[in-house]
Amino acid sequence: MSSFQTVRGMRDFMPEEAKMMRYIEGKARRIAELYGYKEIITPVVESYELLSAKAGEEVRLRMYAFKDLGGRMVALRPEFTPSVARLVATTLRNEPRPFRLFCVGSLYRYDEPQMGRYREFWQSNFELMGSNKPEADAEIIMLTNDFLRSVGLKNYVFKVGHVGVLRGIFAQENVEEKNVNEVMQLMDKKAYAEAVRRVKEIGVSKKCVENVQRLIELKGKDTLEIVGKMRECVGEYDKALEAVENLQEILKLIAEGESKITITVDAGFARGLEYYTGAIFEVNIPELDIALAGGGRYDRLIELFGGEPTPAVGIAHGLDRIMLAMQKQGTKMDAAEAKKVVVIPAKEELKADALKIANKLRGAGITVEVEVMGRKMGKALEDADRRKMDYAIIVGERELKDGAVVLRDMANRVQNSVKIEELVERVKG
Ligand code: HAM
């Protein structure tokens, strides 16, 4: 017996899981259609420089990076956003805004494998590029809500913050970007005490340290109350105040929309990726302690890649984790299962007739398998039972002379002779 196994952190999707993954993907695709997002397919391998530009320490260090045989430094994509930004900076450069772009596929990060954390994982990714308006941010949150509801998940909560608040304060305190990024990375890892210690070391005003400390503790479900308190903290920092106002507008648009969305505002919320400039979001569910989705506004990435200045906002949904959450919550997939049929020739010489009948049924959109193991009728029917086929069609010489076959209903074990021209109707009916 071979001892080959999957590489650590990689996994196989067996038919049931593959089916569920494609089902979730299908729901994401439907949301893309409903909101007018066009799908693009980008390469798994991209230049290391592109992927690492604003990925942030955490993702950068976990990339599958290598030199290809031509000596180019490349990496397997750890996310979709840089690829989409690359396209908008190049091929789509002169096309009219906004762009609504959708991607789905596998991504690669050398993360420590654990529940819901894999080295190969799947995302559905939505990017809305060209608008700096709060309605664009609201759209990204609303479509995510629609998506998670459409797969049947319950009790998920959006966590919303705004990197412009802390970045605004630090900018006014003339803190170097490198140091700001370091503090944000610590906050992303929830190492708040260490983050505050770093802020003190950097040498900002005493008031700044106090405000940062207060902001970190500010979070709650009463979104307007929290935003009000954030406003008090940032009083004199103009850029930070603008950020709080922007956050308030986004929340107001969502609250006034039709859908009920549960949101926690978290002023100390940061994300590992470094390109964010505005509102940031994450989705959590009580059954799991890892995020189902994450995203935010990044207004400067496209110009960093040499494109026209293009404000943008987007989100990626972790499909593996959504699947895990569905399993934890016992969420069922929509039924609408098609009938399954197996065609069994009663003897060798009727093989060709079995194939012909199978094809006729497939032509009518029915799922048909043909007995290919050459088994005796009893064994073949046993197998059909085991695999939960709805019907077995037995092709026998006697019936065939009258243009008929035997149709066996596997569930109640009743069988009748049925004319071949009536077969499709009988199976579908
Ligand atoms: P991210 O937060 O790095 O954001 O990833 C988004 C989601 O991908 C996570 O919330 C999680 O569900 C899933 N995910 C990430 N790493 C893993 C892993 N190792 N195993 C399983 N699932 C994982 C981004 O990727 C940004 N590009 C999102 C974005 C789009 N921002 C703007 N536009």
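Modeller: Axes are lines fitted to C-alpha atoms, for helices over the stretch in contact, and angles run from 0 to 180 degrees between N-to-C directions. The model is predicted: local features need pLDDT of at least 70, side-chain atom pairs pLDDT 80 or more, while totals for chains, interfaces and linings use all residues. Residues are numbered from 1 along each chain, and side-chain values use heavy atoms, without hydrogens and water.

Colleague: Why are α9 and α10 called roughly antiparallel?

Modeller: Angles over 145 degrees count as roughly antiparallel. The axes of α9 (residues 206-217) and α10 (residues 223-234) cross at roughly 170° and come within 9 Å. Therefore α9 and α10 are roughly antiparallel to each other.

Colleague: Which residues make the contact of α9 and α10?

Modeller: Contact means heavy atoms within 4.5 Å. From α9 come Asn211, Arg214 and Leu215; from α10 come Met230, Glu232, Cys233 and Val234. They divide into four nonpolar, one polar and two charged.

Colleague: What makes a space a cavity?

Modeller: On a 1 Å grid over the protein atoms alone, a 1.4 Å probe fits at its points but cannot get out. One cavity of 30 Å³ or more is counted. The largest cavity holds about 70 Å³, a volume being the space filled by probe spheres set on the points.

Colleague: How do you know what lines the largest cavity?

Modeller: Lining residues have an atom within 4 Å of a point. Among them are Val163, Arg167, Asn181 and Tyr276. Helix α7 gives the largest share, three residues. By class, the lining has five nonpolar, three polar and three charged residues.

Conventions
Helices (H or I, at least four residues) and strands (E, at least two) are DSSP runs, numbered from the N terminus. Angles under 35 degrees count as roughly parallel, over 145 as roughly antiparallel, 65 to 115 as roughly perpendicular and the rest as oblique. Ala, Val, Leu, Ile, Met, Phe, Trp, Tyr, Cys and Pro count as nonpolar, Asp, Glu, Lys and Arg as charged, and the others, Gly among them, as polar. On a 1 Å grid over the protein atoms alone, a cavity is a set of points where a 1.4 Å probe fits but cannot get out, and a pocket is an open set with protein on both sides within 12 Å along at least five of seven lines; lining residues have an atom within 4 Å of a point.
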